[in-house]
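Dear colleague,

Please find below the structure that I am handing over to you, followed by an account of what was found in it. I would be grateful if you would read the two side by side.

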Amino acid sequence: MGNNSFFALLFRLKYINRWGLMRNFRTENVSEHSLEVAIIAHALAEIGVAYFNKTYDPAEIALKAIYHDVSEIFTGDLPSPIKYYTDEMKKSYKSIESEAEINLLSKLPEELKKSYENIILHGENIDSIEYKIIKAADKLCAYIKCLEEVNSGNREFLKAEEDIYKTLDTTGLDELKYFIDNFLPYFSNTIDEI
C-alpha cells in the first residue's frame, strides 16, 4: 500500500490562512475560501444556463472549484502582489502549482488518480470556459472579502477592493455581471437588513 495521504492533506487546508500581507479583522483560510468559490462558481454557471442559454455543467464547475486551490497544501497562499509581480514570476508560480498538484495526486491509489486528475489539474485547462468561471468566482470571493473588511472599518483592504473590482469588470462574462447587479449588493447588508 502506497502513501494514501491525499484526503488527510486536503483537510489541512483549514490551517492555511489567506491575505498574509494584510491585517485582517477576520482570518480567512483556504478551506472556507474554496467552499465560497464553489458556491459562487456554481451560481455563475446556473445563471449562464438560466439566463444566457449556456451549456455549462454547474455541478462539474462547482466540483472543480472546490479543488481550485489544493496546490496550496504545498505552496501556502502566496500573496497576489508577489505571485503576479512579473510575467516571469507568474509563469514560475504556475509551474510550481502544477508540480504541487501532481505531488498531491501521487498521494492517491492508482485506481482513483484518473478521476481526481480530471478535477485538479487546472493548468491544462487554463483557456476553458470552466476555468474562466472559476477564476471569476475566485476574484468575486476576494472582492467580497474586501467588502467585509472595509465594512468592518479595516481600511487596509480599500486598495485591494478597488483593484479587484476593476479586474471583475474585464472578464466579459454575462453571468458575472448578472450576479454583481442582482446579488452582490446584499453582501454589504446587516443580517437584519437581509
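**Helix packing**

H2 passes H3 in a right-handed crossing. Please note that the model is a predicted one. The axes of H2 and H3, the latter spanning residues 58-66, come within 8 Å and cross at roughly 160°. Angles over 145 degrees count as roughly antiparallel, so H2 is roughly antiparallel to H3. On the H2 side, the residues that meet H3 are Ser-34, Val-37, Ala-38, Ala-41, His-42, Ala-45, Glu-46 and Val-49. Their partners in H3 are Pro-58, Ala-59, Ile-61, Ala-62, Ala-65 and Ile-66.

H3 also packs with H8, at an angle of about 60° and with the axes 10 Å apart. The two helices are therefore oblique to each other, and H3 passes H8 in a right-handed crossing. Here Glu-60, Ile-61, Lys-64 and Ala-65 of H3 meet Glu-130, Ile-133 and Ile-134 of H8.

In H7, which covers residues 110-120, the buried residues are Lys-113, Tyr-116, Ile-119 and Ile-120. Viewed down the axis of H7, these residues fall within an arc of 125°, so they line one face of the helix. Glu-111 and Lys-114 are exposed on the other side of H7. The buried residues of H7 pack against H1, H3 and H6 (87-105).

In H9, residues 158-168, the buried set consists of Ala-160, Glu-161, Ile-164 and Leu-168. Down the axis of H9, the buried residues fall within an arc of 100°, and they therefore line one face of this helix as well. The buried residues of H9 pack against H8 (129-151) and H10 (174-182).

Leu-158 also lies in H9. With a relative accessible area of 32%, Leu-158 is partly exposed. Its C-alpha atom is separated by 7.2 Å from that of Cys-146, twelve residues away along the chain.

**Cysteines**

The structure holds zero disulfides. Cys-141 is in no disulfide, the nearest cysteine sulfur being that of Cys-146, 11 Å away. Cys-141 counts as buried because its relative accessibility is 4%. Cys-146 likewise counts as buried, with a relative accessibility of 0%.

**Arg-18**

Arg-18 is found in the loop between H1 (6-10) and H2 (30-52). Is Arg-18 buried or exposed? Its relative accessibility is 10%, so Arg-18 counts as buried, the cut-off for burial being under 20%. Leaving aside neighbours within four places in sequence, Arg-18 is in contact with Asn-24, Glu-28, Asn-29, Val-30, His-33, Asp-69 and Asp-77.

With kind regards

How values were computed. Residues are numbered from 1 along each chain as its sequence is written. This is a predicted model: local features need pLDDT of at least 70, side-chain atom pairs count only at pLDDT 80 or more; totals for chains, interfaces and linings use all residues. Side-chain values use heavy atoms; hydrogens and water are left out. Helices (H or I, at least four residues) and strands (E, at least two) are DSSP runs, numbered from the N terminus. Buried means under 20% relative accessible area, exposed over 50%, partly exposed in between (1.4 Å probe, protein chains only). Contact means heavy atoms within 4.5 Å. A disulfide is a pair of cysteine sulfur atoms within 2.5 Å. The arc is that of the directions from the helix axis to the C-beta atoms. Axes are lines fitted to C-alpha atoms, for helices over the stretch in contact, and angles run from 0 to 180 degrees between N-to-C directions. Angles under 35 degrees count as roughly parallel, over 145 as roughly antiparallel, 65 to 115 as roughly perpendicular and the rest as oblique. A crossing is left-handed if the near helix is turned anticlockwise from the far one by less than a right angle, and right-handed if clockwise.
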